[in-house]
Amino acid sequence: MKRGKWPWLKFKILKWILGWLGISLSVFFAYNYYHNQKQRFQNKMNLKAERAISRIDSTFKIYETIITQTQAFFITTQEINNKNFYNYYNNLKDISRFYGIKGLGFTRYVPNEKLEDFLKEIRKEIPDFEVWPLNDDEDYFPVIYLAPESFRTIGYNQGSENKRKEAIERAIKSAETIMTGKINFVLEKGTTSTDPGFIFFRPLYKDETSPSKKNLIGIIFVPFLYQDFFIDGLVEYFGEDFYFKIFVGDDSSPENIIHDTLGDKKDKKNGEFEFKKHMRIFGQDFYLYFYPRSENIEFLRTSFLLLTLGLSFTFLVLKFINDTLKRAEQSSINEYYLQESLKARDEFISLASHELKTPLTSLKLRAQLAIRKLQNNHLTSEKIKDFSTEIVKQVDRLERLVNDILDISRIRTGNLSLQPERFNFSQLVEDLINRMGPQFSTENDPKLIITNPEINVYWDKLRIEQVITNLLTNAIKYGENSPITVQVVEENSDVLIKVKDEGRGIDQNFRETIFNRFERAGISPNEVSGLGLGLYITYQIVTGHSGKIWVQSELGKGSTFHIKLPKNPIF
Ligand code: ADP
């Protein structure tokens, strides 16, 4: 296989390089596209968010004008009373411009010790006027005018509620318009509106040049509902681009949320694209969160699509290369095996011819010699016996070779059929050794150890005989004339056969492969003749009898072949 491996390795490396290149390029382009689009998108959205904020800011500024206008009215009017206040309110021409304004009112500043005087004075104008809720020890900020007249909060002490009081104090100190935090409007005694809003406070002094509490007359105030304000100011103009979430004061608590168009919408997950902006209007902090609507984040999907397309294309190309490589590699392997088997066939033909030629040459020589002796009248009956014995020996050898070749083809086609019969195996081994007698020398004449002279088996007699013959022939061929021992041991339902010689032994690298076809374990035909088929056929016969064969050997010290066979295998 070594031959076929390297060129394919080159293509495989190329395939992986292409694969990695494809994946990297897909990721690179998709990410680049995503990154650029994200940048562009964020810039665009940021710009829009800034515009939204400046729009709110300028709207607030416009709204403040109504307060400064009212302040001017208070300053320029000598005496303000119920009547001219409502006249003023009703004559405000462009109040409709100030969408979201809920009303316009005035709160008097009443120091604690002046409460009685104030009540006396105001009741001349509003007979049943009362300050509510009333705390004994504080200054009071009761509402005395509030338009439209439908509001029922005249007399409500704005100083009694923390957020209002805190904003009023700040307004007095700064002499500026100040906005309260999130409040719920008082509708009448004991009832408040559920819609949150805020109030603008603007202090009015007796002398505007010295703004202090001593100098304070009261506070002009304008209530708003957040809902009206933000829907008009933001959602209408930017609602297509964003969902909004707006906090007043700080953004740490859900209580401070004054507007939320996001709610539980799925788009919340686009938190990655959230824009947070802070703004401070009339002393009040606002935190605005802008969440782009998912339809505006198309580029996310496009980048993903790009990545998927890139990767799919890469994998398709890889698969194509892979399949082509596999096919090419397979046909190269097939080609390699074809060449190898052709080579093996050629080697076998040359080996077999050599093996067959040796006995044929010997036969021809004997025959020629016999003819010559006959012509010279030297052919004695003694000589005829010698020639015939030699001829029989060479014909036996030829027969064995031809049989081995026939067996190989039988094994290949699955036709090595076994014909089992009952016989005494001990007897068979003894007869066989006797028959092979002439092949042994005095040094290697086998020593036979048999534990039981009668071992009954159900095997293919001729094939088993072939197995023992093969092992004994090998012991003669490779045993270097060393002593041979054959041992037959009965072991329960098995029979163990050992054939031992003390010859050349087998190199460790070949101890397993000698049972393969044509394996000669590095021995050349000139050294010892053979086709490398005997052990292969032996192995097939043994396994055909459900048995096992293995070898123990040490180079230069000899080999012992072991066979273990069940006495009655199932065929
Ligand atoms: P062959 O004898 O025709 O070569 P075998 O299949 O009988 O074929 O044996 C395969 C190889 O195993 C031999 O070529 C030889 O190298 C080795 N071998 C077999 N028997 C022995 C043995 N008893 N001692 C050493 N080597 C052996």
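A polar side-chain atom of Lys477 sits 2.9 Å from one of the ligand's oxygen atoms. That is a polar contact, meaning a pair of N or O atoms within 3.5 Å; within protein, one must be able to donate a hydrogen and the other to accept it, and residues adjacent in sequence count only if both atoms are side-chain atoms.

A word on the source. This is a predicted model: local features need pLDDT of at least 70, side-chain atom pairs count only at pLDDT 80 or more, and totals for chains, interfaces and linings use all residues. Residues are numbered from 1 along each chain as its sequence is written, and side-chain values use heavy atoms, with hydrogens and water left out.

Back to the site. Arg520 brings a side-chain N or O atom to 2.7 Å from a ligand oxygen. Leu535 uses its backbone: an N or O atom there lies 2.7 Å from an oxygen atom of the ligand. Alone, the ligand exposes 530 Å², and the protein buries 97% of that. Those areas come from the Shrake-Rupley method with a 1.4 Å probe.

Which elements give two or more residues to the shell? They are H9, helix H10 (534-544) and strand E17 (558-566). Helices (H or I, at least four residues) and strands (E, at least two) are DSSP runs, numbered from the N terminus. H9 gives the most, with three residues. In total, 20 residues surround the ligand, each with a heavy atom within 4 Å of it. The closest are Asn474, Tyr478, Asp501, Arg520 and Leu535.

Now H9 itself. 14 of its 18 residues are buried, so H9 is largely enclosed by the rest of the structure. Buried means under 20% relative accessible area, exposed over 50%, partly exposed in between (1.4 Å probe, protein chains only). At the start of H9, a side-chain oxygen of Asp460 comes within 3.3 Å of the backbone nitrogen of Leu462. After H9 comes Glu480, with a positive phi near 50°.

Last stop: Ser312, in helix H6 (residues 298-375). Its relative accessibility is 35%, so Ser312 counts as partly exposed. A polar atom of the Ser312 side chain lies 2.5 Å from the backbone oxygen of Thr308. Gly22 is 290 residues away along the chain, yet the C-alpha atoms of Gly22 and Ser312 are separated by 9.6 Å.
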